[in-house]
Amino acid sequence: MAAVPVLALLLLLAWGGPHAAGQKRKEMVLSEKVNQLMEWASKRSVIRMNGDKFRRLVKAPPRNYSVIVMFTALQPHRNCVVCKQADEEYQVLANSWRYSSAFTNKIFFAMVDFDEGSDVFQMLNMNSAPTFINFPAKGKPKRGDTYELQVRGFAAEQLARWVADRTDVNIRVIRPPNYAGPLMLGLLLAVIGGLVYLRGSNLDFLYNKTGWAFAALCFVLAMTSGQMWNHIRGPPYAHKNPHTGQVNYIHGSSQAQFVAETHIVLLFNGGVTLGMVLLHEAATSDMDVGKRKIMCIAGIGLVVLFFSWLLSVFRSKYHGYPYRYVFA
């Protein structure tokens with residue numbers, strides 16, 4: 001009867017031996033991968049990867065860490081302006097995480113450039129850049145693990161919110177100090193001070209209604225064109241179709257916009273405003289009738305032309321809008 005427990009013990013050891021050895025090998029491989037990533041992250045916040053590194057450290061199990069990967073094309077001959085802008089924001093995010101007190105090996109930031117890992121692009125059936133994908137610690141990336149760049153923009157703050165949503169890692173974005181704003185303010189104050197000093201006996205220019213009206217109008221046009229949205233979201237300047245090479249300056253969705261789009265809208269609003277100013281001057285000025293007629297015709301032309309273009313932009317973003325004005 002004593003042989004039965006001994007036999008069971010031998011069978012248990014025979015089954016558990018290979019299993020335990022395999023588990024130990026997995027732990028050793030995982031430890032080597034984490035140590036390698038931590039070593040690279042200590043030298044550079046964003047780890048550059050080629051095809052071999054990506055397959056070994058991101059795709060292949062075991063893995064108990066998440067990897068945020070930016071797929072991009074930064075080489076000069078690719079002429080990807082958006083890639084350079086997105087890379088700057090991505091570096092800000094990665095540096096904020098690397099130098100924070102909460103830094104751990106739970107998440108890493110990496111980059112795959114097309115010229116260094118074109119096989120990775122082919123493996124993932126990826127044909128556009130930049131693209132951000134979260135490779136979670138367990139399982140494969142889901143739909144939400146691909147960042148919606150066209151909707152959210154590539155500002156570091158927006159990327160941090162997406163990272164927190166996908167990995168539960170909260171990153172407080174810390175930007176390097178920017179002295180451009182204080183310098184410009186100081187220069188403006190110096191110019192104003194110089195004008196007051198040189199024209200201390202004649203400050204009538206401060207009461208010039210036309211000057212103040214022009215400054216206020218410029219401010220209003222800038223705000224109504226969407227400049228604050230750009231500042232908050234950080235969208236790309238434009239979008240270049242990788243297949244056709246066509247550049248789009250107007251975003252096709254009403255939930256997003258490009259920087260170039262705000263410049264276009266500002267120009268169109270400015271044209272409509274100028275036309276309205278000319279119409280007002282034609283009706284109220286003391287000039288001769290001939291000049292007033294010319295101003296009236298020019299004002300009507302500017303209003304019709306630029307308002308039609310402005311409505312065309314609106315129609316391209318709000319699909320199905322039935323109305324148009326002069327131009328389709």
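Biologist: What does the accessible surface of the chain come to, and how much of that belongs to carbon and sulfur atoms?
Modeller: The accessible surface of the chain comes to about 20700 Å², and 63% of that area belongs to carbon and sulfur atoms. Please keep in mind that this is a predicted model.

Biologist: And how many of the residues are buried, as a percentage?
Modeller: Of the 328 residues in the chain, 33% are buried.

Biologist: OK, how many helices and strands does the chain have?
Modeller: The chain has 11 helices and six strands.

Biologist: Let's go inside, then. Which residues have the most contacts in the largest nonpolar core?
Modeller: That core has 29 residues, and those with the most contacts inside it are Tyr90, Leu93, Phe109, Phe132 and Val163. The elements that give two or more residues to this core are β2 (66-72), α3 (81-98), β3 (107-113) and α6 (156-167).

Biologist: Which of those gives the most?
Modeller: α3 gives the most, with eight residues in this core. In general, nonpolar side chains in soluble globular proteins tend to be buried together.

Biologist: What is Leu93 in contact with, if I skip its neighbours within four places in sequence?
Modeller: With those neighbours left aside, Leu93 is in contact with Phe109, Ala156, Leu159, Ala160, Val163, Ile171 and Val173. There is also a second, separate core of 22 residues, which includes Leu30, Val67, Val120 and Phe135.

Biologist: Switching to rings: how many aromatic pairs are there in the whole structure?
Modeller: A search of the whole structure finds 15 aromatic pairs. One of them is formed by Phe268 and Trp309, and this pair is tilted, at 5.6 Å centre to centre with 35 degrees between the planes.

Biologist: Why does that pair tie together parts that are apart in sequence?
Modeller: Phe268 lies in helix α10 (residues 259-284) and Trp309 lies in helix α11 (residues 289-317), so their pairing ties together parts that are 41 residues apart in sequence.

Biologist: Is Phe268 buried or exposed?
Modeller: Phe268 counts as buried because its relative accessibility is 11%, and the cut-off for buried is under 20%. Trp309, with a relative accessible area of 34%, is partly exposed.

Biologist: Which residues form an aromatic cluster?
Modeller: Phe54, Phe71, Phe114, Phe121 and Phe135 form one aromatic cluster.

Biologist: Last topic, charges over rings: what lies over the face of Trp40?
Modeller: Lys53 lies over the face of Trp40, at 4.6 Å from the ring centre. Arg98 lies over the face of Phe103, at 4.9 Å from the ring centre.

Key:
Residues numbered from 1 in each chain as written. Predicted model: local features only at pLDDT ≥ 70, side-chain atom pairs only at ≥ 80, totals over all residues. Heavy atoms only, no water. Helix = DSSP H or I, 4+ residues; strand = E, 2+ residues; numbered from the N terminus. Buried < 20%, exposed > 50% of the residue type's maximum accessible area, 1.4 Å probe, protein only. Areas by Shrake-Rupley, 256 points an atom, 1.4 Å probe, with all protein chains shown as cover. Core = buried A, V, L, I, M, F, W, Y, C linked by side-chain atoms within 4.5 Å. Contact = heavy atoms within 4.5 Å. Phe/Tyr/Trp six-rings, centres within 6.5 Å; stacked < 30°, edge-to-face > 60°. Lys NZ or Arg CZ within 6 Å of the ring centre and 35° of its normal.
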